[in-house]
Amino acid sequence: CPCVPPKGAMMDNRFATALVIACVLSLISTIYMAASIGTDFWYEYHTLSPAENVSEAGRSIWEEFVSKDADEKTYTDALFRCNGTVGLWRRCITVPKNSHWYSPPETDMTTNCISFSLSDQFVEKYIEPGNHNSGTDLNRTYLWRLQFLLPFVSIGLMCFGALIGLCACACRSLYPAIATGVLHFLAGLCTLGLVGCYVAGIELLHRKLPLPEDVRGEFGWSFCLACVSAPLQFMAAALFIWAARTNRKEFTLLKAYRVA
């Protein structure tokens, strides 16, 4: 292999430890990112009496919620009134199992979820949610699209970095670890951008559609996983780059000493 170090070049235990820790951090951050993308608890709404909301008036709202023609205002109102949760790919509401007019009020609740289609991820957001004649809100439109694309870019960069790391192990060289570190750093920037885009998008949405007085909104644990993943990616990147550069520098000094 062309990247096999010359005979006598050895890797210090410090570098091996740094690489092991970086690999563990990279694995954990990848798991966290995958879990955050696949779950529906990026943002949660809590209302005081969801069972009462899904009554004669509320039933039509959650029925429209599951409709393919539901616009942003329609499903956001349902999220407010029915203990909704929102993920990157799905939106969910909590409703009674039987919501017919002849059924007594129930405390037995069930969760209904609807996935965002690929076209939903790229649909335009309007200045007044639900009003197609109000014009396109470019800020919210591009924030929504970025929050869909950035997590996949982040995971892709980490997977590509892991592939380079495997090649480095096969070649018994630390030099490709610099590229792995750079890719993890870029992945961390993407994850950080994802978190920023999501927070900004939620804040802008709530300016257009303020929360009702009896509804409380908060970021969920899926969002927290993404927040934790970003610093883990940065730490892994720092360890990869430090190990590669420091080992290269010591190897150069050792070679110069032997020549002398």
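The second largest pocket of this predicted model holds about 440 Å³ of space. The chain has 260 residues, of which 41% are buried, and its secondary structure comprises eight helices and five strands. From the N terminus, the elements follow the order α-β-α-α-α-β-β-β-α-α-α-β-α.

**Second largest pocket**

- A total of 21 residues line the second largest pocket, with Lys68, Ala70, Asp71, Asp120 and Val123 lying nearest its centre.
- Helix H4 (72–81) and strand S4 (109–115) are the elements that each contribute two or more residues to this lining.
- The lining of the second largest pocket consists of eight nonpolar, five polar and eight charged residues.

**Cavity**

- One cavity of 30 Å³ or more is present in the structure, and the largest cavity contains about 210 Å³ of space.
- The largest cavity has 16 lining residues, and those nearest its centre are Glu72, Trp144, Gly201, Ile202 and Leu205.
- Two or more lining residues come from each of H4, helix H6 (138–171) and helix H7 (177–208).
- By class, 10 nonpolar, three polar and three charged residues line the largest cavity.

**Salt bridges around Glu72**

- Seven salt bridges are found in the whole structure.
- Glu72 pairs with Lys125 in a salt bridge whose closest N and O atoms are 3.9 Å apart; this links helix H4 to the loop between helix H5 (118–121) and H6, across 53 residues.
- Glu72 counts as buried because its relative accessibility is 11%, and Lys125 is likewise buried, with a relative accessible area of 5%.
- Glu72 also forms a salt bridge with Arg140, with the closest N and O atoms 2.7 Å apart.
- Because Glu72 lies in helix H4 and Arg140 in helix H6, this pair ties together parts separated by 68 residues in sequence; both residues are buried.
- A network of salt bridges links Glu72, Lys125, Asp137, Arg140 and Lys208.

**Salt bridge between Arg90 and Asp40**

- The closest N and O atoms of the salt bridge between Arg90 and Asp40 are 2.6 Å apart.
- Arg90 belongs to strand S3 (residues 90–96), whereas Asp40 lies in the loop between helix H1 (13–38) and strand S1 (43–47), so that distant parts of the chain, 50 residues apart, are linked.
- Arg90 is partly exposed, at 32% relative accessible area, whereas Asp40 is buried, at 8% relative accessibility.

**Nonpolar surface patch**

- Val182, Phe185, Leu186 and Leu189 make up a nonpolar patch on the surface, and together they have about 320 Å² of accessible area.
- Val182 is located in helix H7 and counts as partly exposed, at 38% relative accessibility.

Definitions and conventions:
Residues are numbered from 1 along each chain as its sequence is written. This is a predicted model: local features need pLDDT of at least 70, side-chain atom pairs count only at pLDDT 80 or more; totals for chains, interfaces and linings use all residues. Side-chain values use heavy atoms; hydrogens and water are left out. On a 1 Å grid over the protein atoms alone, a cavity is a set of points where a 1.4 Å probe fits but cannot get out, and a pocket is an open set with protein on both sides within 12 Å along at least five of seven lines; lining residues have an atom within 4 Å of a point. Grid points are joined across faces, edges and corners, and a volume is the space filled by probe spheres set on the points. Helices (H or I, at least four residues) and strands (E, at least two) are DSSP runs, numbered from the N terminus. Ala, Val, Leu, Ile, Met, Phe, Trp, Tyr, Cys and Pro count as nonpolar, Asp, Glu, Lys and Arg as charged, and the others, Gly among them, as polar. Patches are made of residues with over 30% relative accessible area and no salt bridge: like charges are joined within 9 Å, nonpolar side chains (Val, Leu, Ile, Met, Phe, Trp, Tyr) within 5 Å. Accessible areas come from the Shrake-Rupley method with a 1.4 Å probe; for residues, only the protein chains shown count as cover. A salt bridge is a side-chain nitrogen of Lys or Arg within 4 Å of a carboxyl oxygen of Asp or Glu. Buried means under 20% relative accessible area, exposed over 50%, partly exposed in between (1.4 Å probe, protein chains only).
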